[in-house]
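Please keep the sequence and the structure at hand while reading.

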Amino acid sequence: MHVVSISSLKGGVGKTSVTLGLASAALAAGIPTLVIDLDPHADASTGLGVRANGKQPIGQMLKNARRARLQDQVVASAWQTKAAEKKSRTRIPVLDVAVGDAYTGIYDRPDLRTRDLRRLTQILSRTSGYQLVLIDCPPSLNGLTRMAWSASDQLLLVAEPSLFSVAGTERTQRALDLFRREFAPSLGPVKVVANRVRKDSAEHTFRLGEMRQMFGESMVKPEIPEHPEWQQIQGAAYSVHQWPSKATAPMLNQFDALLKEVMASAGASNR
């Protein structure tokens, strides 16, 4: 089970969109996947078309980390239901969600105790059946993000090619170095994903060059371009791979390539 945190210091850079794009690619590839929505705004849960419906959201599971059984509380995504309806499918793909909720906010503070940082790790240690776990973190470096990092094998830092986002990503990397030394010495690779890239923007072209210089081999290819249909896809709670438009074909390829990069890191960490 490969656990990946998708993080950013700055909001509005498309962190949740990258999480959903990876989940869509995993569903299309038939990789059993769990999405944990740690952001108190719960946008990933909305995009995946789920509600708790009597199940415990992730905030309540964190509160009862010693006893919580995550697999009893997850909800099948609406995307999974749509995929199962396709007659060509001989096997129903798995895409489950640990539903987000505002209650998680009680842990999103800078002074979270070390034992509290292990709550998600405790829960995942009793979880099986998934090949990939994607954790959508809040846009901060407070307790919830550090809780996710403690439980992760790999980190993806999402950045827009703009001044403030690039500077925020650099600060996040410095914070990660300190965090790894103190709390997570076995934490695996940290990769930077350039998102919402506009090829016709001179500023974006300049900042992308700056990012490549700053982050070097940590930069992931491909870069994810801005797409005019992305907001509509998320608003309809659809997987991008299920969206009935040929215009999204390049975006499918980009998220498939990003998933391949993530899973290659999983293979490397298991050797």
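Thr104 lies in the loop between β4 (95-98) and α6 (114-117), where helices (H or I, at least four residues) and strands (E, at least two) are DSSP runs numbered from the N terminus. This is a predicted model, in which local features need pLDDT of at least 70 and side-chain atom pairs count only at pLDDT 80 or more, while totals for chains, interfaces and linings use all residues. Residues are numbered from 1 along each chain as its sequence is written, and side-chain values use heavy atoms, with hydrogens and water left out.

**Surroundings of Thr104**
- Thr104 counts as buried because its relative accessibility is 0%; buried means under 20% relative accessible area, exposed over 50% and partly exposed in between, with a 1.4 Å probe and protein chains only.
- Leaving aside residues up to four places away in sequence, Thr104 touches Leu38, Asp39, Pro40, Ile58, Gly59, Leu62 and Leu144, contact being heavy atoms within 4.5 Å.

**Helix α8**
- Nine of the nine residues of α8 (residues 143-151) are buried, so this helix is largely enclosed by the rest of the structure.
- Among the buried residues of α8 are Leu144, Arg146, Trp149 and Ser150.

**Packing of α8 with α9**
- The axes of α8 and α9 come within 12 Å and cross at roughly 60°; axes are lines fitted to C-alpha atoms, for helices over the stretch in contact, and angles run from 0 to 180 degrees between N-to-C directions.
- α8 and α9 are therefore oblique to each other, given that angles under 35 degrees count as roughly parallel, over 145 as roughly antiparallel, 65 to 115 as roughly perpendicular and the rest as oblique.
- In this contact, Arg146, Trp149 and Ser150 of α8 meet Thr172, Leu176 and Phe179 of α9.

**Packing of α9 with α10**
- Helix α9 (residues 163-182) packs against helix α10 (residues 202-215) at an angle of about 15°, with the axes 10 Å apart, which makes α9 roughly parallel to α10.
- On the α9 side, Leu163, Val166, Thr169, Glu170 and Gln173 take part, and they meet Glu203, Arg207, Glu210, Met211, Met214 and Phe215 of α10.

**Helix α1**
- Helix α1 (residues 15-29) has 15 residues and reaches 21 Å from its first C-alpha to its last, close to the 21 Å expected at 1.5 Å a residue, the expected span being 1.5 Å times one less than the number of residues.
- Of the 15 residues of α1, 13 are buried, and the helix is thus described as mostly covered.
- Gly30 follows α1 and has a positive phi, near 75°.
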